[in-house]
Amino acid sequence: MTGPLLVLVGPMGVGKSTVGHLLAEHLGTGYRDTDDDIVTAEGRTIAEIFVDEGEEAFRALEKRAVRTALTEHDGVLALGGGAVLDADTRALLAGQRVVYLSMDVEEAVRRTGLGVARPLLAVNPRKQWRELMEARRHLYEEVAAAVVPTDGRTPEEVTQEVLNALELKEA
Ligand SMILES: Nc1ncnc2c1ncn2[C@@H]1O[C@H](COP(=O)(O)OP(=O)(O)O)[C@@H](O)[C@H]1O
Ligand SMILES: O=C(O)C1=C[C@@H](OP(=O)(O)O)[C@@H](O)[C@H](O)C1
Ligand SMILES: [Mg+2]
C-alpha cells in the first residue's frame, strides 16, 4: 500500500491537527494537513476563501489538495472535516489506513468555541454542528478502518489510542 502511514478524518475541532502532530512525532515521520496546503497555495485563510468564493470553490480546492497529499505524503495526514463529503475523495480513501476521531456535541462546542476560524460554525455552533454530523457521521464511518472517541481524553491519550487501534509501533 502506498500513501500516508495514516489519515485522520472527523469533525471540526475533534483534534485532527493536534493529534496528527503528536502522532507524527511518536512515529518519527512527517505531518501534513490539507487545510494548511490550501492556505499556503492560496495565500489566504480558510475563512477568507469561504467569504470570497463560497464553500463550493473551497471544496474544489480541497478535493485537489487531498488527492495530491495522498500521492505525495508518506507520513501522517490530517484532512479538513468536510473532505469526506466528496465521493471521489472517499473512493481514494478506501485503500488507506483511515482513523475517524469522534466526539459528542458538547465537547465540540468547547473545542471550537465561537471563533471565526471555522466559518461553518460561526452562527449557532451547537445546532450547526448537530446538522453537520447528521449529514456526515455515516461518511466518516464509511471511510474509517478505526474509530477513536476523543471525549474526556487528552491529545496524548488519543494519540496512544490511535497507535493501538492501528497496531503501529512508536519510532
Ligand atoms: N483531546 C483533546 N482534548 C481537549 N482539547 C483538544 C483535544 N484535541 C484538540 N483539542 C483542542 O481543540 C481545538 C481544535 O483542535 P484541532 O486539532 O485544531 O482540531 P481539528 O484539526 O480536528 O479541527 C484546539 O484548541 C485544540 O487544542
Ligand atoms: O468541516 C468542514 O467542513 C471544515 C473543516 C475545517 O477543517 P478542520 O476540520 O481541521 O477544522 C476546514 O477545512 C473548513 O473550515 C471546513
Ligand atoms: Mg485541522
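**A walk through the predicted model**

Threonine 89 lies in helix α5, which spans residues 87-93; helices here are DSSP runs of H or I with at least four residues, strands are runs of E with at least two, and both are numbered from the N terminus. The structure is a predicted model, in which local features need pLDDT of at least 70 and side-chain atom pairs count only at pLDDT 80 or more, while totals for chains, interfaces and linings use all residues. Residues are numbered from 1 along each chain as its sequence is written, and chains are lettered from A and ligands numbered from 1 in the order in which they are written.

Threonine 89 counts as buried because 22 C-beta neighbours lie inside 10 Å. The cut-offs are these: a residue is buried if 20 or more other C-beta atoms lie within 10 Å of its own, exposed if 12 or fewer, and partly exposed in between, with the C-beta atoms placed from the backbone. If its neighbours within four places in sequence are left aside, threonine 89 is in contact with Lys63, Val66, Ala83 and Val84, where contact means that the C-beta atoms of two residues, placed from the backbone, lie within 7 Å. The C-alpha atoms of threonine 89 and glycine 3 are separated by 14 Å, and these two residues are 86 residues apart along the chain.

Alanine 41, by contrast, belongs to helix α2 (residues 34-42) and counts as exposed, because it has 12 C-beta neighbours inside 10 Å. Its C-alpha atom is separated by 9.4 Å from that of alanine 65, which is 24 residues away along the chain.

We can turn next to a strand.

Strand β1 (residues 6-9) pairs with β4 in the parallel sense over three bridges, and leucine 8 stands opposite valine 99 of β4. Strand β5 likewise pairs with β4 in the parallel sense, over four bridges, and there the bridge partner of valine 99 is alanine 146.

Finally, the UniProt record, an unreviewed entry, gives the annotation "binding site" to Gly13, Val14, Gly15, Lys16, Ser17, Thr18, Arg118 and Arg153; UniProt positions follow the numbering used here, feature names are shortened, and annotations may be inferred rather than shown by experiment. Among these residues, serine 17 is placed in helix α1 (residues 16-27) and counts as partly exposed because it has 17 C-beta neighbours inside 10 Å. Leaving aside its neighbours within four places in sequence, serine 17 is in contact with Asp33 and Ala78. Arginine 153 is found in the loop between β5 (146-149) and α8 (155-166), and it is partly exposed, with 18 other C-beta atoms within 10 Å.

Technical notes. Pairing = 2+ DSSP bridges.
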